[in-house]
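Subject: Structure handover

Hello,

Here is the structure we talked about. Please load it first, then read the notes below.

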Amino acid sequence: MTNRERRDAQIAYISDDSVFEEQKECRKKLQEFNFMDRSDFDGLKKAAKELLGKSDKAFINPPFYCDYGTHIEVGKNFFANYNCTILDVAKVKIGDNCQMAPNVSIYTAGHPIHPVSRNSGYEYGKEVTIGDNVWIGGNSVICPGVTIGDHVVIGAGSVVTKDIPDWSVAAGNPCKVIRKITEEEKRYLFRKEEIDDEAWEDILSRME
């Protein structure tokens, strides 16, 4: 197997010249994207679509960093705020209506623990999957091989090392489930402050 084939099979591989050639194409696109006019919203949307493997109305606030781009699949209405990093050695699959606060990092890349194996140059990538309607708080890190379910909120500053189930609020280092999201919280804005009547009526009209 070639090292690119080994990488895509999620087994030990080495970043050889063929791997770096693939990364070069991504870096050219990132160079253009990260130095675009920040007020050119239409241009940023177009560039994000060209950069990612799959997207539908994605918007990313530059700067943004990734290894390949083609290994990233996002659903409808994806939003990533400033300074998002996705090391997409393996696939990163993100569902619909997902939001990422500033400085979120998703790592599929990893290295062996033992120095003998690690110093050999072999590394690995393990897929990360994120469901629909997920909000990831600022400065959070998603580690290799993690699956985050649907309708999840990850608190700011979290380090997610294990799977998170649906309808959960999770936070911490390591990230743990704090509680389930309840129907009662549908109208809450911040903590137990309710959304005002005018905005709430607008929200309800959008659900019809």
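Two strands count as paired if DSSP finds at least two bridges between them. Keep in mind that this is a predicted model.

**Strand E12 and its partners**

With that rule, take strand E11 (residues 109–110). E11 pairs with E12 in the antiparallel sense, over 2 bridges. Ala109 has Gly125 as its bridge partner in E12. Strand E1 (residues 13–14) is also joined to E12 by 2 bridges, again antiparallel. There, Tyr13 stands opposite Glu123.

**The parallel sheet**

An open sheet has 5 strands in the order E2-E5-E8-E13-E16, with parallel pairing. Strand E2 (54–56) and strand E16 (147–148) are the edges; each has a single partner strand, so one side of each lacks a neighbour in the sheet. Further in, 3 bridges join E8 (residues 92–94) to E13 (residues 128–130), running parallel. Val92 stands opposite Val128 in E13.

**The core**

The largest nonpolar core has 39 residues. Phe64, Met100, Ile106, Ile130 and Ile148 have the most contacts inside it. Several elements each supply at least two residues of this core, among them helix H2 (17–34), strand E5 (72–76), E8 and E13. Helix H3 gives the most, with 4 residues.

Look at Ile148 in detail. Leaving out residues up to four places away in sequence, Ile148 touches Thr129, Ile130, Gly131, Val134, Ile142, Ile154, Val160 and Ile164.

**The loop at Gly155**

Gly155 is in the loop between strand E17 (153–154) and strand E18 (159–160). What does Gly155 touch, not counting residues up to four places away in sequence? The contacts are Gly137, Ser140, Ala170 and Ala171. Asp196 is 41 residues from Gly155 along the chain, and their C-alpha atoms are separated by 24 Å.

**A surface patch**

Ile203, Leu204 and Met207 form a nonpolar patch on the surface. Together they have about 250 Å² of accessible area. Leu204 lies in helix H5 (residues 197–207). Its relative accessibility is 36%, so Leu204 counts as partly exposed. The class runs between the buried limit, under 20%, and the exposed limit, over 50%.

Best wishes

Technical notes:
Residues numbered from 1 in each chain as written. Predicted model: local features only at pLDDT ≥ 70, side-chain atom pairs only at ≥ 80, totals over all residues. Heavy atoms only, no water. Patch = residues over 30% accessible without salt bridge, like charges linked within 9 Å, V, L, I, M, F, W, Y side chains within 5 Å. Areas by Shrake-Rupley, 256 points an atom, 1.4 Å probe, with all protein chains shown as cover. Salt bridge = Lys/Arg side-chain N within 4 Å of Asp/Glu carboxyl O. Buried < 20%, exposed > 50% of the residue type's maximum accessible area, 1.4 Å probe, protein only. Contact = heavy atoms within 4.5 Å. Core = buried A, V, L, I, M, F, W, Y, C linked by side-chain atoms within 4.5 Å.
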